[in-house]
Amino acid sequence: MSGEFSHGLFSCFDDCMLCLTTYFVPCYTMGKSAEAVGDDCLLCGLALLVPFIDLYALCSNRAKIREQKGIPGSAVSDLLTVCCCPLCALVQQAQEMGVKAPFGQSMSRE
């Protein structure tokens, strides 16, 4: 239990391929991130296409990741993060759960 996310909110480019995937196909990243916490990959990925349900799905997934990893936070902080920087939050969540881009080799920065 680390007490914080292993990657910062603006550490999107720690994994450039995941960042690009999230920018162009956020449903993939959301689905894989949700799958990592035990939710349905397809339903959570598709939830990003529906206004307001997308916010609920992102916040719910973030809360589950925080709970699983012992990261402090609240529903309000999750909502603010998701509303202000949705793609950065999605990449951060995916990185925390070890999600990788579906193509190519990861270009992780060291």
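**Reading Gln92 and its surroundings**

Modeller: Leaving aside neighbours within four places in sequence, Gln92 is in contact (heavy atoms within 4.5 Å) with Phe5, His7, Gly8, Leu9 and Arg62. This is a predicted model, where local features need pLDDT of at least 70, side-chain atom pairs count only at pLDDT 80 or more, and totals for chains, interfaces and linings use all residues. Residues are numbered from 1 along each chain as its sequence is written, and side-chain values use heavy atoms, with hydrogens and water left out.

Colleague: Is Gln92 buried or exposed?

Modeller: Buried means under 20% relative accessible area, exposed over 50%, partly exposed in between (1.4 Å probe, protein chains only). Gln92 has 5% relative accessibility, so it counts as buried.

Colleague: Which backbone oxygen does the Gln92 side chain reach?

Modeller: That of His7, at 2.9 Å.

Colleague: How do helix 2 and helix 6 pack?

Modeller: Helices here are DSSP runs (H or I, at least four residues), numbered from the N terminus. Axes are lines fitted to C-alpha atoms over the stretch in contact, with angles from 0 to 180 degrees between N-to-C directions. Helix 2 (residues 26-36) and helix 6 pack at about 40°, their axes 9 Å apart. Pro26, Thr29, Met30 and Ser33 of helix 2 make the contact with Leu87, Leu90, Gln93 and Ala94 of helix 6. Gln92 is found in helix 6 too, which covers residues 86-96.

Colleague: And how many aromatic pairs are there?

Modeller: Rings of Phe, Tyr and Trp (its six-membered ring) pair if their centres lie within 6.5 Å; planes under 30 degrees apart count as stacked, over 60 as edge-to-face and the rest as tilted. The structure holds one such pair. Tyr23 and Phe24 have ring centres 5.0 Å apart and planes at 90°, so they are edge-to-face.

Terms used: Helices (H or I, at least four residues) and strands (E, at least two) are DSSP runs, numbered from the N terminus. A polar contact is a pair of N or O atoms within 3.5 Å; within protein, one must be able to donate a hydrogen and the other to accept it, and residues adjacent in sequence count only if both atoms are side-chain atoms.
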